[in-house]
Amino acid sequence: MKPAILAFMVAALAAVQASAMEPFGRDAVPSKSDGLIATWRGLQQQVAADEDEIRQCREQPCDSAAARRVISIVDEARRFGGRQMIGHLNRSINSAIPATRANVPWLSPLAALDRAGDCKSYAIAKYLALADAGIAARDRKLVMLQLTTPPGELHLAVLVRDGQHWLILDNRTLTLVDSTATRQYAPLHEFDEDGVRDFR
């Protein structure tokens, strides 16, 4: 095989592998949506405050029922490892928040655990629980999706990195789904420590 052809094949394989490591196997670019950026900045501040509250509750008794609930869920999940721990967190928080068909505003994680919620409530609570379980910020994201069934419905879920795979934690299912192995969702935006990005 000619060196030029071999070099092309190696470069092509590397590009495919890099793409597969991205959520949904797709690139995302910095968002230009001022509304989403402002919403996420506000939520990041609330998440940081809730993380501090949980940290304090781990060090001394506290009155926050929601913080104690997160600690209980996370400590139970920590008995397992890897994907089992992630699955336990997903199941526990799906069960912890009563579902409502009402439109619920964006809430802080601890506030979301205190009342009936929609997909945003489950997702932000899981994002916090994953942090408390020791999942690095670079390995977890919120992602806004468009459901393909029913078509057009917007949905929020959590992505967590497991090795070279990004798993979807969804309040509609207890199953952990690899983002590159499903056609149920069309990804629109992702939210993480670096800000908001739009999928191409």
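Contact here means heavy atoms within 4.5 Å. This is a predicted model, in which local features need pLDDT of at least 70 and side-chain atom pairs count only at pLDDT 80 or more, while totals for chains, interfaces and linings use all residues. Residues are numbered from 1 along each chain as its sequence is written, and side-chain values use heavy atoms, with hydrogens and water left out.

**View 1. F191 and its neighbours.** Setting aside residues up to four places away in sequence, F191 touches L36, W40, K141, L142, V143, M144, L156 and V196.

**View 2. The largest nonpolar core.** A core is a set of buried Ala, Val, Leu, Ile, Met, Phe, Trp, Tyr and Cys residues joined through side-chain atoms within 4.5 Å; buried means under 20% relative accessible area, with a 1.4 Å probe and protein chains only. Here 46 residues come together, and L89, L142, L169 and F191 touch the most other members. Elements giving two or more residues include α2 (34-59), α4 (82-96) and β3 (151-162), but α6 gives the most, with 9. Helices (H or I, at least four residues) and strands (E, at least two) are DSSP runs, numbered from the N terminus.

**View 3. S179, tucked into a loop.** S179 sits between β5 (177-178) and β6 (185-192) and, at 2% relative accessibility, counts as buried. A polar atom of its side chain lies 2.8 Å from the backbone nitrogen of F24. Beyond four places in sequence, S179 also contacts P23, L159, W166 and I168, among others.

View 4. pLDDT, the predictor's confidence in each residue from 0 to 100, stays under 50 over residues 6-20. The protein averages 89.

Technical notes. Buried means under 20% relative accessible area, exposed over 50%, partly exposed in between (1.4 Å probe, protein chains only). A polar contact is a pair of N or O atoms within 3.5 Å; within protein, one must be able to donate a hydrogen and the other to accept it, and residues adjacent in sequence count only if both atoms are side-chain atoms.
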